[in-house]
Amino acid sequence: MQCERSTPLQWRSLSSLLGRHRDVTGSTSHTAEGFAQYFKKKIDDIRSATAGIPQPEVCSRATSSLATFQSFSEADIRRIIMSSPIKSCSLDPVPTFLLREFVDLLLPYATRTVNASLEEGRLPISQRHAIVTPLLKRPGLDTADMSNYRPVSNLDFMSKVVKRAVAIRLNDYLVGNDLLPRHQSAYTKKHSTETAMLRVWSDVLTAADTRQVTLLCLLDLSAAFDCVDHDLLLHRLQLSFGLRGVALEWIRSFPIDRTQQIAYGGQLSTSCPLLFGVPQGSVLGPREHRSSPLLKSSLTK
């Protein structure tokens, strides 16, 4: 009997029948300030537990290098703007739909902004602030437990345009010089959990054919991207991926001197600095731009 591939609609229907999307607790008494303190304490506790552990050695060394970013034309920036999700942030001076509607009028200014950032090697400090929304890690979890939430950053639209431009240049460089991990499926274009499972299943069958034992080790790192050490990240990008000069300085400005506020229940927490990690929801961070896995692959390579 031939098995047809399950569709997302079938999975959603199954989840609904199992009650996975139900709210198990109803309303909660969480506050924006409470989430801000919880997320900070969580990172501080993880960092304290791993303090004193020597930094891992960088085994791979890049034979190529990237020192500058090639500038973009107005047509390039127009494609980036029009292909970006229509999401607005409270930090945006104008709604995203208005920017897209008058894109041809504003295009020269947007192009100049992007190219100036790439040429100067820095992301403006005004574009390093985020409004963070706590979201449940998956439907059906206890909403009263703060550990079931993850922080997702909402950033102003023009900062996303600049970072998407950087992501394009970085991805072209990495792919062109074969610097991406070949067996990584996460955050890689045209890859998914399905391709990862197919690889594992193929290895299991190959081992079985030669009467070898298969052992599978699964590792789940708590708040992995929120605990990224900036100095270690930049060190690996320089040695393993060959970033230097203006290109490295731009990447250095991306995670450093960031601030964020938590938005929850119609309230905003006080602004607090981010000493570690990369923002979830950012174009160059996790859970967003799968075709530019530089920051992610630098942590796993």
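Student: How many residues apart are Lys40 and Asp44 in helix α2?

Tutor: Lys40 and Asp44 are four residues apart, and therefore separated by about one helical turn of α2. Helices here are DSSP runs of H or I with at least four residues, strands are E runs of at least two, and both are numbered from the N terminus. The model is a predicted one, in which local features need pLDDT of at least 70 and side-chain atom pairs count only at pLDDT 80 or more, while totals for chains, interfaces and linings use all residues. Residues are numbered from 1 along each chain as its sequence is written, and side-chain values use heavy atoms, leaving out hydrogens and water.

Student: What do the side chains of Lys40 and Asp44 form?

Tutor: They meet in a salt bridge, at 2.8 Å from N to O. The term requires a side-chain nitrogen of Lys or Arg within 4 Å of a carboxyl oxygen of Asp or Glu. By that rule the count comes to ten salt bridges.

Student: Why would such side chains pair at all?

Tutor: Side chains of opposite charge can pair when their charged atoms come close.

Student: And Lys40, is it buried or exposed?

Tutor: Lys40 is exposed, because its relative accessible area is 52%. Asp44, at 31%, counts as partly exposed. The cut-offs are under 20% for buried and over 50% for exposed, with partly exposed in between (1.4 Å probe, protein chains only).

Student: Which residue does Arg79 pair with?

Tutor: Arg79 forms a salt bridge with Asp76, at 2.4 Å from N to O. Both residues lie in helix α3 (residues 74–83), three residues apart, which is about one turn of the helix. Arg79 is exposed at 53% relative accessible area, whereas Asp76 is partly exposed at 21%.

Student: What about Arg252, which residue is its partner?

Tutor: The partner of Arg252 is Glu249, and the closest N and O atoms of this salt bridge are 3.3 Å apart. The two residues share helix α9, three residues apart, or about one turn. Arg252 is partly exposed, with a relative accessible area of 32%, and Glu249 is partly exposed as well, with 39%.

Student: Changing topic: which residues make the nonpolar surface patch?

Tutor: Ile86, Val94, Phe97, Leu98, Phe102, Leu105, Leu106 and Tyr109 make a patch of about 770 Å². Patches join residues with over 30% relative accessible area and no salt bridge: nonpolar side chains (Val, Leu, Ile, Met, Phe, Trp, Tyr) within 5 Å, like charges within 9 Å. Accessible areas come from the Shrake-Rupley method with a 1.4 Å probe, and for residues only the protein chains shown count as cover.

Student: Which helix gives the most to the patch?

Tutor: Helix α5 does, with three residues. Both α4 (96–101) and α5 (103–120) supply at least two residues each. Leu106 is found in α5 and is partly exposed, at 31% relative accessible area.

Student: Where does Asp104 lie?

Tutor: Asp104 also belongs to helix α5, and its relative accessible area of 52% makes it exposed. The C-alpha atoms of Asp104 and Glu74 are separated by 9.2 Å, although these residues are 30 apart along the chain.

Student: One more on the backbone: what is phi of Asp178?

Tutor: Phi of Asp178 is near 55 degrees, a positive value in a residue other than glycine. Asp178 sits in the loop between α6 (157–176) and α7 (193–209) and is partly exposed, at 46%.

Student: And phi of Asp257, what is that?

Tutor: Phi of Asp257 is near 60 degrees, again positive in a residue other than glycine. Asp257 is placed in the loop between α9 (245–253) and β3 (258–264), and at 52% relative accessibility it counts as exposed.
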